[in-house]
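Please take a look at this model before reading on.

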Amino acid sequence: MHLWAGSLEVVVGQKFKHKRGLAKASGVKDLARVFAAAIAVSIVMVVLVLMIYWIQSILEFPKHFPAAILTLLRAV
């Protein structure tokens with residue numbers, strides 16, 4: 001009986017250690033997900049800023065186009 005109780009203690013102890021290991025791994029996975037989400041949000045923000053800059057430059061292009069033509073004609 002004493003031998004069986006000892007082996008039960010070992011089995012229960014291993015189960016708790018395994019669960020603690022899973023909890024630590026889960027915490028690392030959650031942290032990795034948070035960092036991945038932060039990086040994804042940062043990339044989306046950079047893309048949006050670049051798109052806004054690109055659209056703004058396209059909208060301002062006609063304003064600068066006549067000035068560029070006049071500058072080229074004066075140089076000739």
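The questions below move from the overall fold to single residues.

Q: How many helices and strands are there in the protein?
A: This is a predicted model. Helix 1 covers residues 2–75. The protein has 76 residues. The tally is one helix and zero strands.

Q: What percentage of the residues is buried?
A: A residue is buried when its relative accessible area is under 20%. The protein has 76 residues. The buried share is 0%.

Q: What share of the accessible surface belongs to carbon and sulfur atoms?
A: The accessible surface of the protein comes to about 7,300 Å². Carbon and sulfur atoms account for 77%.

Q: Which residue forms a salt bridge with Arg33?
A: The structure holds one salt bridge. Its closest N and O atoms are 3.5 Å apart. Both residues lie in helix 1, three residues apart, or about one turn of the helix. The partner of Arg33 is Asp30.

Q: Is Arg33 exposed or buried?
A: The cut-off for exposed is over 50%. Arg33 has 59% relative accessibility, so Arg33 counts as exposed.

Q: Why does Asp30 count as partly exposed?
A: Partly exposed covers the range between the buried cut-off, under 20%, and the exposed one, over 50%. Asp30 falls in that range because its relative accessibility is 38%.

Q: What is the area of the nonpolar surface patch that includes Ile39?
A: Ile39 sits in helix 1. At 51% relative accessibility, Ile39 counts as exposed. Other members of the patch include Val44, Met51, Trp54 and Leu59. The patch area is about 980 Å².

Technical notes
Residues numbered from 1 in each chain as written. Predicted model: local features only at pLDDT ≥ 70, side-chain atom pairs only at ≥ 80, totals over all residues. Heavy atoms only, no water. Helix = DSSP H or I, 4+ residues; strand = E, 2+ residues; numbered from the N terminus. Buried < 20%, exposed > 50% of the residue type's maximum accessible area, 1.4 Å probe, protein only. Areas by Shrake-Rupley, 256 points an atom, 1.4 Å probe, with all protein chains shown as cover. Salt bridge = Lys/Arg side-chain N within 4 Å of Asp/Glu carboxyl O. Patch = residues over 30% accessible without salt bridge, like charges linked within 9 Å, V, L, I, M, F, W, Y side chains within 5 Å.
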